[in-house]
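Let's take a friendly walk through a protein model, moving from single residues out to the whole chain. Have the 3D view ready and follow along.

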Amino acid sequence: AMSTPTPTTSVIKASSKLTSNDKILVEALAGALGGLFGTLALYPIDTVKTRIQAESAARGNNSEADDDGNGFWCPQWVTKLARVFREEGAAGAYGGALAKSAHSLSSSFLYFLAFSALKRTYEERTGKKIGVGATLAAAAAAGCCNVLVTEPLDTYTTRKQLEGKKTVGDTGSKAFDDDEGDDGFKNTLRALRGGRGAADARGGLYSGLGASLALTINPAIQYTVFEQLRQKLMILHNARAQRRGILKPVVELSMFDAFVLGAASKATATMLTYPLVRAKVLQKAGTREEDRRSLLGTLKRVHREEGVSGMYKGLDAQLVKTVLAGALTMTIKEKSFTSALWFMLLVRGLDDEFA
């Protein structure tokens, strides 16, 4: 009797039967699953870091004690996280999680869809592997497309995260009006449909758009670093396998390798672009008139009032959240690629050939 093909062999054979568009959809589906998992797993930390970033200088300097009540020092975001669960419960920590999940799924799917399509188009037209420069350009273009579609959900989620705890100077701010609960989501949908009041709502829903567009360089840096490191690591793994007499090619990273590369690439991107991250949150919070006008005005105000350290306020929480989320996203994407592939084959009715 014939032996059952190994998973790797099956994947290679199955991939050859898919069209270029099918392969792009597989990449997008795997990326969306990875993004959703990372978002939900770390959402309470995301809520806390958003609140830290939205604080004014007056409160931010002494907003929390540096110890946990027992004389032990701990990061500010850990103290705040414990306080959120203690005072607001899971509802406060997970406020806006449904909208964030919708944003994560749509954002990740659109990003990977656009990025994979641009990458595959480049390689098919040039007949060679995509390089660093072209990867960076494709990632930035994919990020811009993604932001323009999903920005309203991002704004809504940010305001939901800030509802549980008002920041200094938010008196009378539209960001924290009573109708920013369930009605806020209805207003988001109304603005997207272009209904009554949509013109007024769009400015709010797209607040921080300039910062978000500028931040498309963040995932561009992340995925460029990840892809380049991945290619080099795959070459090393295959070379090592050949030296050991293993002819089967290595087509997937191990869980550990994917996690480490994802963490390293995200940390690099986050540290390089963090001032833009904080400026975006401040603009979406809308607690200062100056912050609502322009990205450059927000950056100047923060630098003037809080100095260079203020530009990087909340960086530790951001790194914990984004590095772990980035690593989880790329890990789940890498490991769910095979499942996404077989799902696509099932949809296309091609799986019977490999039964």
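Phe-115 counts as buried because its relative accessibility is 5%; buried means under 20% relative accessible area, exposed means over 50%, and partly exposed lies in between (1.4 Å probe, protein chains only). Tyr-111 is buried too, with 5% relative accessibility. Both Tyr-111 and Phe-115 sit in helix 7 (residues 97-126), four residues apart, or about one turn of the helix. Helices (H or I, at least four residues) and strands (E, at least two) are DSSP runs, numbered from the N terminus. An α-helix has 3.6 residues a turn, so residues three or four places apart point the same way.

A word on the source: this is a predicted model, in which local features need pLDDT of at least 70 and side-chain atom pairs count only at pLDDT 80 or more, while totals for chains, interfaces and linings use all residues. Residues are numbered from 1 along each chain as its sequence is written, and side-chain values use heavy atoms, with hydrogens and water left out.

**Aromatic pairs**

How many aromatic pairs does the structure hold? There are three aromatic pairs. Rings of Phe, Tyr and Trp (its six-membered ring) pair if their centres lie within 6.5 Å; planes under 30 degrees apart count as stacked, over 60 as edge-to-face and the rest as tilted. Two of these pairs are set out here.

| Pair | Centre to centre | Between the planes | Kind |
|---|---|---|---|
| Tyr-111 and Phe-115 | 6.0 Å | 5 degrees | stacked |
| Tyr-274 and Tyr-312 | 6.0 Å | 20 degrees | stacked |

The pair of Tyr-274 and Tyr-312 links distant parts of the chain, 38 residues apart. Tyr-274 belongs to helix 13 (residues 255-285), while Tyr-312 is in the loop between helix 15 (295-311) and helix 16 (315-348). Are these two residues buried or exposed? Tyr-274 is buried, at 0% relative accessibility, whereas Tyr-312 is partly exposed, at 33%.

**A neighbour of Tyr-111**

Asn-146 has its place in helix 8 (residues 132-163). With 9% relative accessibility, Asn-146 is buried. Which residues does Asn-146 touch, leaving out those up to four places away in sequence? They are Ser-107, Leu-110 and Tyr-111, where contact means heavy atoms within 4.5 Å.

**An enclosed helix**

Now find helix 3 (residues 43-54). Twelve of its twelve residues are buried, so helix 3 is largely enclosed by the rest of the structure. Among them are Tyr-43, Asp-46, Lys-49 and Arg-51. At 1.5 Å a residue, helix 3 should span 16 Å, and its end C-alpha atoms are 17 Å apart, which agrees. The expected span is 1.5 Å times one less than the number of residues.

**Helix 15**

Gly-297 lies in helix 15 and is buried, with a relative accessible area of 18%. Gly-297 and Ala-279 are 18 residues apart in sequence, and their C-alpha atoms are 9.4 Å apart in space.

**The whole chain**

Stepping back, the protein has 16 helices and zero strands. Of its 355 residues, 48% are buried. Among contacts with a separation of 6 or more, 79% are between residues 24 or more positions apart. The accessible surface comes to about 17,500 Å², and carbon and sulfur atoms account for 60% of that surface; accessible areas come from the Shrake-Rupley method with a 1.4 Å probe, and for residues, only the protein chains shown count as cover.
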